[in-house]
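Me: I would like to go through this model with you, one topic at a time. Please keep the answers brief.

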Amino acid sequence: MAEKLSGGSRGKPIRCKAAVCRKPSEPLVIEEIMVAPPMPHEVRVRIIYTSLCHSDLTFWKMKDFPAIFPRILGHEAIGVVESVGEDVNEVSEGDTVIPTFMADCGECGDCNSAKSNLCSKLPFKVSPFMPRYETSRFTDLNGEALYHFLSVSSFTEYTVVDIAHVTKIDSGIPLTKAAGLLSCGVSTGVGAAWRTANVEPGSTVAIFGLGSIGLAVAEGARLCGASRIIGVDVNEDKFEVGKKFGLTDFVNASNSENKSASEVIIEMTDGGADYCFECVGMASVVQEAYASCRKGWGKTIVLGVDRPGSQVSIPANDILCTGKSLMGVLFGGLKPKSDIPILLNRYINMELQLDEFVTHEVTFEDINKAFDLLVEGKCLRCVICMNDQ
Amino acid sequence: MAEKVSGGSKGKPIRCRGAVCRRPSEPLVIEEIIVAPPMPHEVRIRIIYTSLCHSDLLFWKIKDFAAAMFPRILGHEAIGVVESVGEDVNEVSEGDTVIPTFMADCGECGDCKSPKSNLCSKLPFKSSHFMPRYETSRFTDLNGEAIYHFLYVSSFSEYTVVDIAHVTKIDSGIPLTKAAGLLGCGVSTGVGAAWRTANVEPGSTVAIFGLGSIGLAVAEGARLCGATRIIGVDVNEDKFEVGKKFGLTDFVKAANSENKSASEVIIEMTDGGADYCFECVGMASVVQEAYACCRKGWGKTIVLGVDKPGSQVTISSRDILTTGKSLIGVLFGGLKPKSDIPTLLNRYINKELQLDEFVTHEVPFEDINKAFDLLIEGKCLRCVICMNDQ
């Protein structure tokens, strides 16, 4: 068990516990690892809370590249800065931070534009390494390198994250279990409704897939004043859960004897929804969402992560004659460093629901229970509480 | 040869000439036809100038019975004068100059009232062979056999009948020129796509796939919007010289298979991709190519080309999710005919918008088939067909 280290650890490797993924689909192994000190532009973070996201599951199960082993998964978290590398002025030891898989360098054309959140300086890719140096900061006790995940790797007591992937949280904000959800899932969903779609009051919205992302879209649409929020899922229990986040209607996706979900939605909305969100990660669902979208101004927004090689096909003349638009977005189109603090404030002011996404908690030792719960579809977010909390 | 009929024709059928398409890919036959008087909400128009658009060609060639109907009067880009109106028509009167459009603009439905859509819900767009409101034809040949309409316009005829939702009135002060009719389809589609749909900002980089009239109209629109780089892509290198007139700054030859694809060249020359890519050909593979060389983050790919029925556009899911690019198609450049055509006409009259430069050829009505030859051979932009008595 690692101690809450004092300033004496700065510049030195830290020995601590991590949940290492050594083989696809096998339980993570809690073992002692070494975490190197941060290089220039890097920050070493003590993780306080982390949570399991479906993308972790996808890469846990994947056998081929870009899956790679042994790896420290996890990318949704909140923590405290233990030490910083050279050239880091944005945060200091003791600051509360939220690491993100999305980079926000603040300098490149994309980061400076209101119209894009895809940093060009540290472009998004599923890398096994630190973004700037393409090396790992983790080794196991045999000296073998452990790979990073999505530039975060939060299933460990300590991690190292590039400053571009670190959002500082104002010291006045309480460090709650739910706050870390803004590191990925809830920001993605809320952002998609708020920033990407820019849902107007009175809009009709359809959400395909009612996991945490889909319900976060509902929450975002609710805050934007959508008057109708239609949830689509194979599991009818999600409707009750979803009402909390603003769902007004539900369509069962697995109702194959009768009509398809899109036919039902087109009927109930008299032509289609203004905005359709795909939150599953399947090309067929993207196509269904596109079909359910209204002609003229309808937008279909893709949030789900599909398997590599998957393709979406749409009839060319539908594209031409319906005027619908299709777009995908990472992290809900949000810029972490500016938008996470805004969402946090809305949470503190009791406007944005975050705590309601946390349905389960486990200790770090029981991290594999979180995987079981998500695989069985029995949770929204299961928060993993690191030691000494 | 039909006379310029006087008010005496109101309420009666008119016997005149139409260029009838009787069989796919065969020359149109100029023959005498009967044009019924307009029903309520309809307008009978004497066509003055009409021009050939690639969509006419597509439906002229098509054999698949579900999509095509013969015999048919093609043509959908034109300008004319109102001969008479049916009941309940107050917007236009006899003698008014009008531009008929395949796009409806009823002015009453939710879409027509919204700035975000030009897809009228009251008279929705479909590839119909009849009048939109009554699903019947106003044309018969001398044997009494019905002749089908095309895209609600059917302008390859001395007289046609068009629903008032498909008629844009032109201010009487505007001169009735050969080029003005181009705003009925092609130039509006291209200019509108850049101006309204993409909303091209000054300083933008734009890539245009397919440099026919639509593609060059996109260039013209992008030029007017202040784009600093307008890259044209075509298989025919001669289009570059033509295109410079409309603002093309660069040219990439498509189908250069030994070397790089057009999209690879564009990504390189723009250091990441164009802000806006327009597909003006009508081929799924070109849509995919346009999407590929569109910039991540804010890039928009806009589809204008009409593809064959059943064609599918396929894009990798990962690209959709991780690039943030958007894909959208649009008819008539996203424009609302009754409000936007007059705006564009004014810009033409004020010498800001180039229209005359799109007219590269003229033929009299008798020689309408020459227009088809020219377009098939890729030797023209717009060939205007001048109806008689002009």
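Me: To start with the salt bridges, which side chain does Glu144(A) meet in a salt bridge?
Reply: Please bear in mind that this is a predicted model. The side chain of Glu144(A) meets that of Arg22(A), at 4.0 Å from N to O.

Me: Let us take chain B. What does Arg133(B) meet in a salt bridge?
Reply: Its partner is Asp163(B), with an N to O distance of 2.7 Å. Arg133(B) sits in the loop between α2 (110-113) and β6 (139-141), whereas Asp163(B) belongs to strand β8 (residues 159-163), and the two are 30 residues apart.

Me: And is Asp163(B) buried or exposed?
Reply: Asp163(B) is buried, because its relative accessible area is 0%. Arg133(B), on the other hand, counts as partly exposed at 28% relative accessibility.

Me: Which residue pairs with Lys10(B)?
Reply: Glu94(B) does, in a salt bridge of 3.2 Å, N to O. This pair links Lys10(B), in the segment before β1 (14-20), to Glu94(B), in the loop between β4 (77-85) and β5 (97-100), 84 residues apart.

Me: Changing topic: how many residues does each chain bring to the contact between them?
Reply: Chain A contributes 42 residues and chain B contributes 42 residues. The area buried between the chains is about 3200 Å², and carbon and sulfur atoms give 58% of that area.

Me: What polar links are counted between chain A and chain B?
Reply: There are six salt bridges between the chains, along with 20 residue pairs in polar contact. Glu201(B) and Lys115(A) form a salt bridge through their side chains, at 3.1 Å from N to O.

Me: Which elements of chain A supply the side that touches chain B?
Reply: At least two residues come from each of α2 (109-112), β15 (311-315), α8 (316-322) and β16 (325-328). Helix α8(A) gives the most, with six residues.

Me: Now the domains. What is the assignment for chain A?
Reply: Domain 1 covers 15-178 + 354-385, and domain 2 covers 187-331. Their centres, taken over C-alpha atoms, are 28 Å apart.

Me: What is buried between those two domains?
Reply: About 1200 Å² is buried, with 76% from carbon and sulfur atoms. On the domain 1 side, Glu356(A), Phe357(A) and Leu380(A) lose the most area, together 40% of what that side buries.

Me: How is chain B divided?
Reply: Chain B has domain 1 (15-179 + 355-386) and domain 2 (189-332). The two bury about 1200 Å² between them, 77% of it on carbon and sulfur atoms. Leu58(B), Phe358(B) and Leu381(B) supply 39% of the area that domain 1 buries there, more than any other three residues.

Me: What is the largest nonpolar core like?
Reply: The largest core has 106 residues, and Phe155(A) and Phe277(A) have the most contacts inside it. Helix α4 (residues 212-223) of chain A provides the largest share, six residues. Both domain 1 and domain 2 of chain A give at least three residues each to this core. Another core, of 104 residues, lies apart from it and includes Cys16(B) and Phe251(B).

Me: One last item: what does the side chain of Ser51(B) contact?
Reply: Ser51(B), in strand β3 of chain B, makes a polar contact with the side chain of Glu77(B) at 2.6 Å. Ser51(B) counts as buried because its relative accessibility is 2%. Beyond its neighbours within four places in sequence, Ser51(B) is in contact with residues including Asp56(B), Phe156(B) and Arg382(B).

Conventions: Residues numbered from 1 in each chain as written. Chains lettered and ligands numbered in written order. Predicted model: local features only at pLDDT ≥ 70, side-chain atom pairs only at ≥ 80, totals over all residues. Heavy atoms only, no water. Core = buried A, V, L, I, M, F, W, Y, C linked by side-chain atoms within 4.5 Å. Buried < 20%, exposed > 50% of the residue type's maximum accessible area, 1.4 Å probe, protein only. Helix = DSSP H or I, 4+ residues; strand = E, 2+ residues; numbered from the N terminus. Domains from an automatic or database assignment. Buried area = accessible area lost by both parts, 1.4 Å probe. Contact = heavy atoms within 4.5 Å. Polar contact = N/O pair within 3.5 Å; in protein donor to acceptor, adjacent residues only side chain to side chain.
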